[in-house]
Amino acid sequence: MSTVDYAVQSSVAVLTVAYPPVNALSLAVRAGLGEGVARAIADPAVKAIVVIGSGTIFIAGADISEFGTPNSAAEPRLQTLQAQFEASPKPIVAAIHGTALGGGLELALTCHARVAVQSAKVGLPEVKLGLLPGAGGTIRLPRLTGVVVALEAITTGRHIGAVEANKLGIVDAIVFDLKADAIGYALKLAAEGTPPPVRDRNDKITGVDPKVFADFRARAGKKWRGQIAPARIVDVIEAATTRSFDDAKAFENEQFKALMESDQRKALIHYFFAEREARKIPDVPADIKPLPIRKVVVIGSGLMGGGIAMSFANAGIPVKLLDIDAEALARGMGVIRKTYETSLSRGSITQAQLDERFGRIEPVGGYDDLGDVDMAIEAVFEDMALKQKIFALLDKATPPHAILGTNTSSLDIDQIASATTRPDKVIGAHFFSPANVMKLLEAVRGSKTSAETIATVMALGKQIGKAPVLAGNCDGFIGNRMLQYYTVNAEYMLERGATPEQIDRVAEQFGMAMGPLAMRDLAGMAQAVNVRAVRKLTLPADERMPELVERMVEAGRIGQKSSAGFYRYDGRERLPDPAALDLIRAEAQRQGIEQRSFTDEEILARLFHPLVNEGAKELEEGIAIRASDIDVAWVNGYGFPVHTGGPMFWGEQIGLDKVLATARTLGAENGQTRWGPSRLLERLVAEGKGWKDAPALIAAGL
Ligand code: CAA
């Protein structure tokens, strides 16, 4: 079969796109559709045309892997095809199942009607790639939905369910037997006369108050955190209401081209492929079948355990929530219920979904009844003896095929696995809080974890909507191991004279949701003092741990909870506090550190370059498989701005030589053992190479 199959059924030409895996609009597909439509128009026996996708999807949009290649600009370009569709004297109906995204939906918008099965989804997700819908989406969608809906839908890129799309006017009818019903719909249109194309429908875009756009920019702009595409999208949608179709289209083209050239677009497309690449593990053969996970038990009903249980319940997997403390269990179930009720009150789930999801979580008080689970995830506090005890119990209580996961964020997976008779089935399954929201799932392989166990957890991660990344077994794994450099460095800078406001402003302008010091205040510092006391014991001799957090706690400034920390708080509003600065200055004096001023550029380098340096060390040690895996971990677990592509991609874009220079400075200031440059980084810079060359250098022993 070619990429587009042509068949005539009941006087309707059915064009079936068959270009696995997602029927992307590659040159071959565009050409096939163009030829198919021309043939149907020329055939007197054909009254109408249906475009449908084979496999599980309608059309997922432009072929992203074609971007920047001659194929993407070759005729028929998508816009040429769309003009041909709109000019067709015979009605064309898009028959949508699975998803119609980006260029896929934009092509459907040039059909004379769209029908969809109930489970289908449509959307214009280009913003997630740093783009805008460049094939008329910003001009045609508002003609169907009105501008308010279009602004929200295109700036978020969300997938819209068929039923909602039908209500919004994007989809004309919900059907059951997709092909047959689409043929029927097309024949009906042919009998009634081909309706006007979407481009000629102007009623929803005339007389729109410009205030709608100003209000939207003011309201939604806060969420864009440095991304450029959303603002451009608003501009082109506004143009759709003030200019003729063709003028607005020309403006859309111009803006699309500008975004296509942007660093953010490159970074976001890197990220798109990085997330998919991370699921592929070189020493886990692709033909290894993941075990089906039909039921899970989560041990520990605290915030973490509850969030993990919700992640499974939300994805349709029944889960037992186990806690031997009946009161804690009741409390945990109460928190889960409340979280769902909040989602209900915000309108993000329906009452039926609440009942269904909550109903999938079964509270259990002990280990007696675990014979039906395929996987266990332990989420109790970080105590090796306790974890080993639980794993020994799970080893006895669960069926022999069951996988045993631990949510530890730092403990040794092998030591935990040694408490069982199945170390091949033990794996780290590190979720991030709140686990029902955060997308990162850091899977951690022990020395005996089997390929099947890894394949299962990576597939399961995707199934429950997470971004799984595989890490090696070390203190802090991929993410937390790097985190300390970011947070500790912020304190080193305070000692040397930077202010909390300046450091947090630089981090937030870069795109972090919250700067490191505001984050410390939010998380609270009392607990951090204990963690640091333990960490201090293993610190290399050439390193000094800053003690600002200790001084803050001694002064009763434990963060937001005490309305004072690195800032003072009026309710939740954070305000600069001279008292905090006095305290910092006094501590610097005590340590004999001279204070000076910092430029924003230096703060940015000192906050984020060490992440890249430590990431390189993880690559050297085989803790992370690829630089892009580290990007996926940091975007999803720590809020690193996705439009930079993640720390490693960003580091390469700004220049690894700059990262190396910072590592040399910080090594001299803070201790070479941990802060000094990675050998890999030194080699890459010396040889003018990048991350793609790292595996060969590492394999050759650096
Ligand atoms: N182009 C090229 N390859 C694509 C693709 C696309 N648009 N969409 C997905 N793929 C590839 C993936 O890279 C992956 O390849 P590997 O198996 O080699 O890793 C494979 O298809 C399957 O993808 P997923 O693992 O993501 O499969 P899924 O079933 O979980 O999700 C999907 C399917 C919802 C379509 C998801 O792939 C997706 O969101 N794709 C991107 C859609 C998109 O952004 N479209 C807009 C494109 S830009 C555009 O259209 C510009 C314009 O205005 C003209």
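This is a predicted model: local features need pLDDT of at least 70, side-chain atom pairs count only at pLDDT 80 or more; totals for chains, interfaces and linings use all residues.
Let's start with the ligand. How many residues surround the ligand? There are 25, and the closest are Gly103, Glu106, Arg276, Lys280 and Lys462. If we sort that shell by class, we find 14 nonpolar residues, 7 charged and 4 polar.

Which helices each supply at least two residues of the shell? Those are H4, covering 103-108, and H12, covering 263-277. H12 gives the most, with 3 residues.

Now for some individual contacts. Lys462, one of the closest residues, has a polar side-chain atom 2.7 Å from an oxygen atom of the ligand. Glu126 also takes part: an N or O atom in its side chain is 2.9 Å from a ligand oxygen. With Ala60 the backbone is involved, as one of its polar backbone atoms sits 2.8 Å from a ligand nitrogen. As for cover, the ligand taken alone exposes 990 Å², and the protein buries 76% of that.

Let's move on to helix H15, residues 351-359. Which of its residues are buried? Leu354, Arg357 and Phe358 are. Looking down the helix axis, the buried residues of H15 fall within an arc of 95 degrees, so they line one face of the helix. On the face turned away from that buried side, you'll find Ala352 and Gly359, which are exposed.

And what covers the buried residues of H15? The cover includes helix H13 (303-314), helix H14 (326-346) and strand E12 (361-364).

Key. Residues are numbered from 1 along each chain as its sequence is written. Side-chain values use heavy atoms; hydrogens and water are left out. A residue is near a molecule or strand if one of its heavy atoms lies within 4 Å of it. A polar contact is a pair of N or O atoms within 3.5 Å; within protein, one must be able to donate a hydrogen and the other to accept it, and residues adjacent in sequence count only if both atoms are side-chain atoms. Accessible areas come from the Shrake-Rupley method with a 1.4 Å probe; for residues, only the protein chains shown count as cover. Helices (H or I, at least four residues) and strands (E, at least two) are DSSP runs, numbered from the N terminus. Ala, Val, Leu, Ile, Met, Phe, Trp, Tyr, Cys and Pro count as nonpolar, Asp, Glu, Lys and Arg as charged, and the others, Gly among them, as polar. Buried means under 20% relative accessible area, exposed over 50%, partly exposed in between (1.4 Å probe, protein chains only). The arc is that of the directions from the helix axis to the C-beta atoms. Contact means heavy atoms within 4.5 Å.
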